[in-house]
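Please keep the sequence and the structure in view while reading.

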Amino acid sequence: MWCSGEVGMAAVSVSVTVRVRWCTRKPPTPTPTRFSVNALFGDWGFGNRTRNSLQQQFTFTLADSKVISVSVVSSISDVASSEWDACALDATGPDNFNPFLSHAFLSTLEHSASAVRETGWIPHHIVAKANNNSNNNVVAVVPLYLKTHSYGEFVFDHSWANAYHSYGYNYYPKLQSCVPFTPVTGPRILLRNTSFKHQVFDIIVSAMKELALTSQLSSLHVTFPSENEWHKLTEKGFLPRIGMQYHWKNRNYKNFDDFLMDMKQSKRKNIRQERKKISAQNLIMKRLRGYEIKARHWDSFYSFYRNTTDNKWGTPHLTREFFHELGAKMGDNVLLVVAEEGDELVAGALNLIGGDTLFGRLWGCQPRSYYPSLHFEACYYQAIEAAIELNLKTVEAGAQGEHKIQRGYLPVTTYSCHYLIDEEFREAIQDFLIREAAQVKLVIKLLHDSGPFKEGIL
């Protein structure tokens, strides 16, 4: 018998039916591995299964007798910031520094009680160490979480969970390698530049798959990895998925007007009209960094953020403490755009500065206030001006929003990988992802073909 369930996709308006053939199922049989595994299960509650954490350790011996140990830690605080950041910087390269992969950002999520067990994000970070000649050096880390829901991921699998539930199976908990609440592309398996880093990559992937299997979890997900990592994980049995975001590209512009000259006349005119509305409303825009951002700014921005979540999402993921600690830890990597009316802060947009990219993250304004075009100014035009000023190549404006196109932000492909333990669910979801990918590629092409730039501007 065949049964249907709807699966939706946020990036484009498309609905695809996932079909799972009913049969008598047996729990998957663990496959032999070359790893030595030591497991200790804690105590947590999910349906009939209760565990607090998955405490496992894997060991692997390389040809030169070097021993690689892979373990799970329950907090990023268990890893020295210098060791974590060395892995992250080697993985991205110094010119492509990604602030969201830093120990400072990820620890802020935990310390502020934003991404913790109580909110359904149980840290299970992977740490790989090489034991050679009495040294025990960290050679790789992975931001990893045991998830009890699918919120804050920006890659949507709620319908997959519903399909599991309709057959009497648990989709949650699942393992998720990502940066919580952050749809920003970057490597997820953060490797030091060693002569054996490719072997470490293979070891970590095998260890994560084994962790999901032996812990009787439904799945393992890697969201917003780099394209190169996406290809490698696909080769190792993960189901590939693509999505779409909107990014602005700096074509060596000298200033904002230089950028406008690449736009079609109608788009250029519209942007200029929108920007004029800001001064007409007696609003002053400021871009603040580092020590310029005071506690009062963070308190105001938190109220703006809460106004946005109350109106849009319903549940705030980030705490007030998150913003204060972020400012204290990240310093000049934080760019806060604020709008002032007289002496009063009325709106703000939070950005983080990377090696070659400005990452736009959150926006909000005062409750029950409306300022025409202020959202576009604070989130898009101020970000473009800042990127030109800082000589950054890209502005990533976050997920969703076709309104970004006419303001110079074009669609780009994003990536995710999914390892489903159950073979029949895996086959059904794979079929859906193939059809979904075709739709995403078509939409990206159509949006590019009707873009806001003059002919010949890519």
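How many bridges join strand β13 to strand β18, and do these strands run parallel or antiparallel? In this predicted model, β13 (residues 239-249) and β18 (residues 394-399) are joined by four bridges, and the two strands run antiparallel. Within β18, Thr394 is the residue that stands opposite Lys249.

**The sheet**
- Both strands belong to an open sheet of eleven strands with mixed pairing, whose order is β6-β9-β10-β12-β19-β13-β18-β17-β16-β15-β14.
- The edges of this sheet are taken by β6 (121-123) and β14 (283-289), and because each of them has a single partner strand, one side of each is left without a neighbour in the sheet.
- On average, and with direction ignored, neighbouring strands of the sheet are turned by 30° against each other.

**Helices lying across the strands**
- Helix α5 (residues 227-235) lies across β12 (219-223), β13 and β19 (410-420), and the angle at which α5 runs to β19 is about 30°.
- Helix α10 lies across β13, β14, β15 (334-341), β16 (344-353), β17 (357-365) and β18, and runs at about 45° to β14.

**Helix α8**
- Helix α8 (residues 295-312) has 18 residues and reaches 26 Å from its first C-alpha to its last, which is close to the 26 Å expected at 1.5 Å a residue.
- Its buried residues are His297, Trp298, Phe301, Tyr302, Phe304, Tyr305, Asn307, Thr308 and Thr309, and the buried residues of α8 pack against β14, α9 (320-330), β15, β16 and β17.
- After α8 comes Gly314, which has a positive phi, near 95°.

**Nonpolar cores**
- The largest nonpolar core has 86 residues, and those with the most contacts inside it are Ile68, Val200, Ile204, Trp248, Phe259, Leu374 and Tyr409.
- Helix α10 (residues 374-390) gives the most to this core, contributing eleven residues.
- Because domain 1 (53-243 + 411-448) and domain 2 (250-391) both give residues to this core, it lies between them.
- When neighbours within four places in sequence are left aside, Phe259 is in contact with Trp248, Tyr253, Ile384, Arg407, Gly408 and Phe453.

Methods
Residues numbered from 1 in each chain as written. Predicted model: local features only at pLDDT ≥ 70, side-chain atom pairs only at ≥ 80, totals over all residues. Heavy atoms only, no water. Core = buried A, V, L, I, M, F, W, Y, C linked by side-chain atoms within 4.5 Å. Buried < 20%, exposed > 50% of the residue type's maximum accessible area, 1.4 Å probe, protein only. Domains from an automatic or database assignment. Contact = heavy atoms within 4.5 Å. Pairing = 2+ DSSP bridges. Axes fitted to C-alpha atoms, helices over the stretch in contact; angles between N-to-C directions. Expected span 1.5 Å × (residues − 1).
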